[in-house]
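Here is my note on the model you sent. Keep the structure open while you read, and look up each residue as it comes.

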Amino acid sequence: MFESTLSNVISIDIDNEIIHFFSTDPKDKKTIRHDAQSYRARPFDDEFFEKFSHILKLHSEQNPNEQMQKVSLILPDTVFLTDMINIPTIQKKAMSTSLEVAIQAIYKNIDELSYKTFSTAQNKQYTTYGLVGIRKDIISKFKDVCSDNHVSISNVTFAANATVNGAFALNPKLKNGSFLLLDIKEKSAQLSLAVKGRTV
């Protein structure tokens, strides 16, 4: 689902108040183990992070041989912002500057956000960029709690993107493609839109 060097995933499910742990067996990479711990707290307040820390400690005690290095953290889609921004197609360096000016004009709190941009479409008049971002303080809190519990976070992503990455792993022909992925669960369904291989 992720890079080949990654062997552990922590996924936060705020709808069902469950923290999921996925890990691969070092001896058999095709075997994936799943553990889950429930909690009760408002998403991402102080009580949540206290309970998250307790769950990490408990998981570590129950799985002493599990190496929690290079862990991927999957957060709910609702804590990420996604946007599409059109910029006049001009020289590449000037377009990059125009994109930053446009982002700063739209998001007055841009200094509080960690974000990435990527090109999704281009013609002679406009280039369309996708933007994905999250508040820096949310990332910092997760990394601090994980660090305190000897868990090393390698990357952070959102649930829809993890689902799309899973689809790539199952069907490599989807890479660089544009599609709408419907993930049907027992009590809900999730739509993930990918444009040129990027989750938007």
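1. Is phenylalanine 142 buried or exposed? Phenylalanine 142 is buried, because its relative accessible area is 1%. Buried here means under 20%. Keep in mind throughout that this is a predicted model.

2. Now the overall picture. The protein has 200 residues, and 40% of them are buried. Its secondary structure comes to four helices and 11 strands. The C-alpha trace spans about 60 × 40 × 35 Å along its principal axes.

3. Next, the aromatic rings. A pair of rings is described by two things: the distance of the centres and the angle of the planes. The structure holds 11 aromatic pairs. In one of them, phenylalanine 48 and phenylalanine 49 have ring centres 5.2 Å apart. Their planes stand at 85 degrees, so this pair is edge-to-face. Angles over 60 degrees count as edge-to-face. Both partners are buried: phenylalanine 48 has a relative accessible area of 1%, and phenylalanine 49 has 8%.

4. Phenylalanine 52 counts as buried, because its relative accessibility is 0%.

5. Ring pairs link Tyr39, Phe44, Phe48, Phe49, Phe52 and Phe142 into a cluster. Find these six names in the structure before you go on.

6. Nine bridges join β6 to β7 (residues 126–135), in the antiparallel sense. Phenylalanine 118 has glycine 130 in β7 as its bridge partner.

7. Another open sheet of three strands has the order β9-β10-β11, again with antiparallel pairing. Why is one side of β9 left without a neighbour in the sheet? β9 stands at an edge with a single partner strand, so one of its sides is left without a neighbour there. β9 and β10 run antiparallel and are joined by six bridges. Across this pairing, leucine 181 stands opposite serine 192 in β10.

8. Leu180, Leu182, Ile184, Leu191 and Leu193 make a nonpolar surface patch of about 530 Å². β9 (179–184) and β10 (189–195) each supply at least two of the patch residues. β9 gives the most, with three.

9. Leucine 182 lies in β9. Is it buried, partly exposed or exposed? Leucine 182 counts as partly exposed, because its relative accessibility is 48%. The cut-off for exposed is over 50%. Compare phenylalanine 52, which counts as buried at 0%.

Technical notes. Residues numbered from 1 in each chain as written. Predicted model: local features only at pLDDT ≥ 70, side-chain atom pairs only at ≥ 80, totals over all residues. Heavy atoms only, no water. Patch = residues over 30% accessible without salt bridge, like charges linked within 9 Å, V, L, I, M, F, W, Y side chains within 5 Å. Areas by Shrake-Rupley, 256 points an atom, 1.4 Å probe, with all protein chains shown as cover. Salt bridge = Lys/Arg side-chain N within 4 Å of Asp/Glu carboxyl O. Buried < 20%, exposed > 50% of the residue type's maximum accessible area, 1.4 Å probe, protein only. Phe/Tyr/Trp six-rings, centres within 6.5 Å; stacked < 30°, edge-to-face > 60°. Pairing = 2+ DSSP bridges.
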